[in-house]
Amino acid sequence: MPDSPGWSDEQKATVERMRAELRELSSAVVDHPHWKNVPADVRVKSRMQLKRAALPPEPGAAAEAA
């Protein structure tokens, strides 16, 4: 099997741009002043719920919910 040609320079730049944006947005969420109003013992659970809400639904999830 021949070697993969790898990513093009454009693809590499796109991935780096998207990773930088993800780091910036992650920091904005974690450091947002809202979290100072959430009790420490609830904070992690609340952030995980927020994270799950942002993910696309898993295949078959709609059928299971019905």
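I began with helix α2, which is hardly covered, since zero of its 15 residues count as buried (under 20% relative accessible area, with over 50% exposed and partly exposed in between, for a 1.4 Å probe and protein chains only). Helices here are DSSP runs of H or I with at least four residues, numbered from the N terminus.

I noted that this is a predicted model, in which local features need pLDDT of at least 70 and side-chain atom pairs count only at pLDDT 80 or more, while totals for chains, interfaces and linings use all residues. Residues are numbered from 1 along each chain as its sequence is written, and side-chain values use heavy atoms, leaving out hydrogens and water.

Next I looked up salt bridges (a side-chain nitrogen of Lys or Arg within 4 Å of a carboxyl oxygen of Asp or Glu), and the count came to two. R23 pairs with E16, their closest N and O atoms being 3.4 Å apart, and E16 is partly exposed at 44%. R17 meets E21 at 3.9 Å, N to O; these two are four residues apart in helix α1 (residues 9–30), and so are separated by about one helical turn. I found R17 partly exposed at 49% and E21 partly exposed at 42%.

Last, I listed the residues with the largest pocket in their lining, which are L22, L25, S26, V29, V30 and R47, and saw that α1 gives the most, with five residues.

Methods
1 Å grid on protein atoms, 1.4 Å probe; cavity = no way out; pocket = protein on both sides within 12 Å on 5 of 7 lines; lining within 4 Å.
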